[in-house]
Amino acid sequence: MREFSQLCEQVAATTKKTEKTRLIAAYLAAHDPVVAGIAAGFLCGRPFPASEEATLQVGGALIWRVISSIASLSGDEISRAYRKTGDTGAATEMVLQGHAASGPALSVIEVEQAFRHIADARGTDAKAAELEALLRRAQPVETKYILKIITGDLRIGSRESLVEEAIAQAFAVKPAEVRRANMMLGDIGEMLRLAREHQLHQAKMRLFHPLKFMLATAAESSAQAFDYFSDAAVEDKYDGVRAQAHCAGGKVKLFSRTLDEITASFPEAAAALEKMPEGVILDGEILAWDASAVSSAAIEAAEEEGVAVAMTRFHSHHRGRALSFSALQKRLGRKNVTREMMERVPVAYVCFDVIYSQGELVIDRPLRERLLILDRVFEKYAATSAAQTGCPVLRAPVAHAASAEDLDAIFDAARARGNEGLMVKDLDAAYQPGRRGKSWLKLKRELATLDVVVTAAEWGNGRKAPWLSDYTFAVRDGERLLNVGKAYSGVTDAEIQQLTAHFLEATLVDYGHHRLVEPDTVFEVAFNNIMRSERHESGYALRFPRIVRIRGDKTAAEIDTLERVREIYESELAQGRVGAKRG
């Protein structure tokens with residue numbers, strides 16, 4: 001492990017991608033396949049292969065508890081070290097300087113075995129004991145990188161794509177073949193062994209391990225979105241949870257955008273997808289769903305504009321409409337979902353792409369071909385599940401726009417249906433896992449802006465750790481200030497530094513990581529939606545808030561009121577764009 005840690009230090013010390021690649025390639029080529037395979041995974045910031053379901057479930061509180069025990073330090077001392085570095089591993093190396101490791105030197109293989117013991121341990125105390133046993137054997141620099149792997153962020157400029165390039169260089173194979181084999185296997189260590197033997201062609205697609213999702217780039221306007229494509233597919237942008245569905249032989253697994261399995265959270269969706277007539281991997285969205293709703297207003301609006309009527313009638317035909325994300329939040333993260341919960345928050349699975357069908361990975365085909373494949377899949381599905389009950393499994397409708405004005409009309413119809421906005425997709429583009437390019441564009445609009453006052457500030461993470469960069473803000477309700485959200489984007493580094501200096505002077509109560517501050521700093525914030533919330537005394541929370549500007553020209557007496565928040569919420573509720581309250 002010492003040699004691996006030294007490699008990480010060398011990689012972190014250079015800014016040149018070619019040198020990082022060379023260093024990693026030399027290390028991987030010099031070690032046996034088992035050590036090199038484990039190290040390749042570690043260099044991607046993963047304790048286990050992506051295809052495995054094992055998780056460490058070790059959070060920051062447990063880590064600091066163990067480090068406090070080893071170093072005999074208080075939480076305040078560790079917190080100060082963290083604020084200097086902005087990194088758990090680097091802070092730990094700092095506080096452990098002078099603490100000698102006990103026991104024999106650690107190997108990469110032993111660290112991987114220790115990770116498995118931690119994953120298998122049940123309960124916080126058991127996990128803490130396993131982690132402490134591991135870290136007591138580690139030198140400070142080894143502890144630094146063990147914790148970086150645990151937290152999933154090496155911060156040495158070693159991304160998975162760079163490790164793939166290093167493997168290609170180490171074993172003289174084509175980078176494209178390395179990337180494809182790694183995608184199909186979901187195990188970079190196994191892929192490395194095939195690359196070493198020049199057998200990458202043996203890599204086969206595995207159902208029931210997730211592939212990375214294709215991602216979208218935001219477009220600022222309909223005109224900008226339309227300028228990118230000569231021919232585009234236009235879909236509603238749904239306000240739910242992205243879900244990749246693997247279906248074969250009556251077995252179904254659902255995976256989130258973070259590649260975590262979420263089947264247990266949505267058992268009715270998995271049950272409905274069991275009827276898929278062939279082995280497929282689908283890309284779609286799980287939505288909170290009101291099966292009884294019909295949006296006649298949306299139909300009338302679409303008919304008046306003369307576009308997107310088919311999309312609107314699609315939702316009407318299925319007698320249902322999507323609800324807002326706030327309604328779905330009650331279902332997120334639950335391992336045991338009761339029948340009552342499924343009845344109280346029903347869901348639908350809306351599918352808009354296909355990744356694998358009839359034994360073939362179809363990501364290299366253009367979208368126009370994948371949509372035809374998806375049509376065929378749903379024709380077969382409809383024939384086998386005509387009397388479908390429970391969770392609806394729907395094929396997302398597609399429209400076409402001839403101008404930016406058409407896009408605006410389709411956008412308005414999508415919002416009338418309660419959806420976030422639009423997805424505009426290049427019909428000639430392949431499906432690119434993990435890529436965020438201009439082949440998919442998302443078109444949303446901020447709902448409104450509010451003038452709010454900052455009531456609390458928190459120390460940031462990463463490079464922002466030295467600054468108070470996360471701000472809780474409030475609106476006015478008579479003489480009271482009631483919080484409605486938190487924002488950390490939209491201000492420059494220079495502004496953050498100025499705000500930090502001010503809030504340190506304006507602190508009312510210091511809780512360590514965060515502090516209550518004098519309510520004298522006004523922000524204008526934009527947001528996409530408002531949710532009911534039990535987290536804030538106001539009863540509301542802004543969704544996706546972004547700081548537009550610091551309003552030095554306004555005082556706390558001039559900020560917006562809770563009544564204004566309520567007005568916006570009620571207006572959106574009347575149009576079906578917001579959901580029930582969340583915790």
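**Exercise 1.** In which loop is Ala-138 found?

*Solution.* Ala-138 belongs to the loop between α8 (124-136) and α9 (140-151). Helices (H or I, at least four residues) and strands (E, at least two) are DSSP runs, numbered from the N terminus. The model is predicted: local features need pLDDT of at least 70, side-chain atom pairs count only at pLDDT 80 or more, and totals for chains, interfaces and linings use all residues. Residues are numbered from 1 along each chain as its sequence is written, and side-chain values use heavy atoms, with hydrogens and water left out.

**Exercise 2.** Determine whether Ala-138 is buried or exposed, and list its contacts beyond the sequence neighbours.

*Solution.* Step 1: apply the cut-offs, where buried means under 20% relative accessible area, exposed over 50%, and partly exposed in between (1.4 Å probe, protein chains only). Ala-138 has a relative accessible area of 6%, so this residue is buried.
Step 2: take contact as heavy atoms within 4.5 Å. With neighbours within four places in sequence set aside, Ala-138 touches Ala-101, Leu-106, Thr-143 and Ile-146.
Step 3: for a distance across the model, the C-alpha atoms of Ala-138 and Val-548 are separated by 46 Å, and the two residues are 410 residues apart along the chain.

**Exercise 3.** Classify the ring pairs Phe-378 with Tyr-381 and Tyr-471 with Phe-503.

*Solution.* Step 1: a pair of aromatic rings is described by the distance of the centres and the angle of the planes. Rings of Phe, Tyr and Trp (its six-membered ring) pair if their centres lie within 6.5 Å; planes under 30 degrees apart count as stacked, over 60 as edge-to-face and the rest as tilted. This rule gives ten aromatic pairs.
Step 2: the ring centres of Phe-378 and Tyr-381 are 6.0 Å apart and the planes stand at 70°, so this pair is edge-to-face. Both residues lie in helix α19 (residues 367-384), three residues apart, which means a separation of about one helical turn. Phe-378 and Tyr-381 are both buried.
Step 3: for Tyr-471 and Phe-503 the centres are 5.8 Å apart and the planes are at 50°, so the pair is tilted. It links distant parts of the chain, with Tyr-471 in strand β13 (residues 468-477) and Phe-503 in helix α21 (residues 493-505), 32 residues apart. Tyr-471 is buried at 0% relative accessibility, and Phe-503 is buried at 0% as well.
Step 4: a cluster is formed by ring pairs that link Phe-4, Tyr-27, Phe-42 and Phe-115.

**Exercise 4.** Which rings have Lys-251 and Arg-532 over their faces?

*Solution.* A charge sits over a ring if NZ of Lys or CZ of Arg is within 6 Å of the ring centre and within 35 degrees of the ring normal. Lys-251 lies over the face of Phe-208, 4.4 Å from the ring centre. Arg-532 lies over the face of Tyr-540, 4.6 Å from the ring centre.

**Exercise 5.** Locate the partners of the salt bridges Arg-46 with Glu-160, Lys-425 with Glu-235 and Arg-242 with Asp-283.

*Solution.* Step 1: a salt bridge is a side-chain nitrogen of Lys or Arg within 4 Å of a carboxyl oxygen of Asp or Glu. The structure holds 33 of them.
Step 2: the closest N and O atoms of Arg-46 and Glu-160 are 2.9 Å apart. Arg-46 is in the loop between α3 (33-43) and α4 (60-71) and Glu-160 in helix α10 (residues 160-171), so the bridge ties together parts 114 residues apart in sequence. Glu-160 is buried, at 15% relative accessible area.
Step 3: Lys-425 and Glu-235 also form a salt bridge, with closest N and O atoms 2.9 Å apart. Lys-425 lies in strand β10 (residues 421-426) and Glu-235 in strand β2 (residues 232-237), 190 residues apart. Both Lys-425 and Glu-235 are buried.
Step 4: Arg-242 and Asp-283 meet at 2.7 Å, N to O. Arg-242 is in strand β3 (residues 241-248) and Asp-283 in strand β5 (residues 280-290), so parts 41 residues apart in sequence are tied together. Arg-242 is buried at 14%, and Asp-283 is buried at 0%.

**Exercise 6.** What is the strand order of the open sheet of four strands?

*Solution.* Step 1: two strands pair if DSSP finds at least two bridges between them. The order is β1-β11-β10-β2, with mixed pairing.
Step 2: β1 (215-218) and β2 each have a single partner strand and stand at the edges, so one side of each lacks a neighbour in the sheet.
Step 3: β2 and β10 pair in the antiparallel sense over six bridges, and Val-234 stands opposite Val-424 in β10.
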